[in-house]
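Here are my notes on this one, point by point. Have the model open while you read.

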Amino acid sequence: MKKIDLHMHTKPSVRDADFQFSLPKLSEYVASANLDTIAITNHDLFDRLQFEAIRDELDITVFPGIELNLTTGHLLLIADGSDLIDFDAKCKSVSEKIRTVDDSLNVAEVRNIFGDLKTYLLIPHFDKKPAVTGNELDELKPYVSAGEVDSARKFVRNVKDIAKLTPVLFSDARIREELLSTPVRQTYVDCGAISLQSLKMALSDKAKVALSSTDGNSLFQVVADRPLISTGLNILLGDRSSGKTHFLDEIERNMESVKYIRQFDLVQRDEKKYEQEFNSEIAKKRSIASDDYLSGFKKVLDDVLGIELKSNDDQLDRYIESLLKAAEEADRVDSFAQAALFNETEFSASENKGLSDVIQSTRNLIENLEYREIIVKHINIDSLKGLACELIELYWEAERIKARRVIANGIIREIREQLQRKTSATQVTQVDFYKLVLDEKKVNRFEEIVYALRRQEIIATEEFYDFRVVTKKGPFSGAGEIKKVSRTNIGFTEPFVYYDKPYIYLQKLKERDGLTPSEFYRFFANVEYLTLNKDGAEVSGGERSEFRLLQEILDAQRYDLLLIDEPESSFDNVFLKEGVNNLIKDVASKMPVVVVTHNSTIGASIAPDYFLYTKKIMENGKLVHKIYSGYPGDRELLTATGELIRNFDVITASLEAGYDAYRARGEIYENLKN
């Protein structure tokens, strides 16, 4: 197996913070990581002189490459190095096109510059941001050998999925003097003698790539010069102050996307403070649940917010008054008042918002890159572009009609005003009856929706171990509850008097200084997020700790690696065995997990994939922390340098307080049983 890293940077570009390349640091990295081959892949540029200096310094194969910024994501393009002058010239063409962070190339331009793409090793960002997606990835697939990922978790996931590209994991490191630790993201490839062609052939077969040289994808490196860990569940054992937490801290510093649940983080200490923190988290989740559920209502409320029924009634009164007066003066109408435009109504010239919204939605579909692959699977992009063009033409025509109506309305108003000045006859006040009726209907519908929102009802239920998370809605019982939801010091006592009359209540909210209209939708119905125990009661102090621990472990699935330091603190063994263990095992089936424990319920009963053991010893008068590792069935655990320790002794000492104590407890339990 050859260990490769085909993605590293030695020169800053417009996409990088400035750094100074260090050739000694690169030599140190290659040696300490035992690399067999590397590629230099700077962003949109290639420095031939620097590359030649690197190639001459190192005694391994070094490939020339470039990381191209495509429209949707990044692509590694690696050459065999047989003609550096030609490759350098082609890369200069890229640099001329990519001068700012907003510049990019499409696949046609890449072909134009580099010619036959089959002669190169192409590796796009695949399960790594920014990923090459959609049509762009489809165009490249005939030439692509593998897809780059950014974690061991994603590597394993992609290896198992036949629909995914062969995964590769590379350092993507900036090689500089300040590089504090040796990068640990590399890939093992079964390719025999190293050449660009042998790498391409090996990468076409997922069985020929791995995270470790001897254990395939079951183990991988997290910290340089430390043992490998399992891609599943690791149990970390050791005496007090033997370096367990130090090892977890090292992992967190070296790895990206790590969820770290530290010892005592979730344990209740100050009951009042802990309850406040728990309630704060619940309030945050309640706010999210509330916003999600009330999003449709918010649109309804925004539509009603500007309606003033009293103003509409005043308009109608003025219209009737002017109509009656004009009728009384009918026999005294002069020639000016008899003119057709004297009482003419204006044209409707409202905004073409509906059409504008449809155009914007179509544009969003056309321009969206994140979900391009799904969009093009269901909708032809060219058809969308045709639809957009037709809608835009329709919009322009609608805007032209509106513009003509606005001009006509201006002429009508001006003539009406001139006729009014020349006559003593009463002019009938203009009123938009359609708008008045529509406003009335909107308000009535708004009130119906509010009454429906206030009906008590459970809108969501989630079963979670022995807990039930319930989201329910109903009316607010008092002004204090609304004030709490508003997260302000503004009182709601006066508006709440009209709470049963939604439209009037809305007007009173508008009169209240300090309130933001965009937040009004929160003040009409109470959406609660409750955490209940198995008996249906709200959780107690100890149950809060249990619930938070389970939530934190479940939340870890958004990350690439989970670290847990002694989860047994303040939890009973029944909860650990039936709740925590089951959830940890489930999470560990999807991602690497490291658990520090002294508890046999977790350490042994959970059936881990791998054991790690830390030991503090004195060597030559100096304190040294050693880490042993091995599979649960191994007779011995060993260090990276091959030192051995009996697995049985480690397990019984760490989890059972020694074999004698374990045997004595067994006798006690047997006596109790009999």
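**Notes on the model**

1. Let's start with D16, which sits in the loop between β2 (8-9) and α1 (23-32). Helices and strands here are DSSP runs (H or I of at least four residues for helices, E of at least two for strands), numbered from the N terminus. D16 counts as buried because its relative accessibility is 14%; the cut-offs are under 20% relative accessible area for buried, over 50% for exposed and partly exposed in between, with a 1.4 Å probe and protein chains only.

2. A word on provenance: this is a predicted model, where local features need pLDDT of at least 70, side-chain atom pairs count only at pLDDT 80 or more, and totals for chains, interfaces and linings use all residues. Residues are numbered from 1 along each chain as its sequence is written, and side-chain values use heavy atoms, with hydrogens and water left out.

3. What does D16 touch, leaving aside residues up to four places away in sequence? The answer is K11, H43 and R174, with contact meaning heavy atoms within 4.5 Å.

4. On to salt bridges (a side-chain nitrogen of Lys or Arg within 4 Å of a carboxyl oxygen of Asp or Glu). The count by this rule is 40. One to look at is D555 with R558, at 2.7 Å from N to O. D555 is partly exposed, at a relative accessible area of 22%, while R558 is exposed at 61%. Elsewhere, shared partners tie D16, K128, E148, D172 and R174 into one salt-bridge network.

5. Helix α3 (residues 84-97) has a pair of its own: K90 and D86 are both in it, 4 residues apart, about one turn of the helix. Their side chains meet in a salt bridge at 3.0 Å, N to O. K90 is buried, at 18% relative accessibility, whereas D86 is partly exposed with 33%.

6. E256 and R185 also form a salt bridge, with 3.9 Å between the closest N and O atoms. This pair links distant parts of the chain, 71 residues apart: E256 is in the loop between α8 (244-254) and β15 (258-261), and R185 is in the loop between β9 (173-174) and β10 (187-189).

7. Now the open sheet of 3 strands, in the order β16-β17-β18 with antiparallel pairing. Its edge strands, β16 (457-464) and β18 (526-532), each pair on one side only. The twist averages 15° from one strand to the next. Pairing takes at least two DSSP bridges between the strands; β17 (residues 467-474) and β18 have 7. One of the partners to check is L532 in β18, bridged to R468.

8. Helix α18 (residues 541-555) packs on that sheet, touching β16, β17 and β18, and its direction makes about 95° with that of β17. Axes are lines fitted to C-alpha atoms, for helices over the stretch in contact, with angles from 0 to 180 degrees between N-to-C directions.
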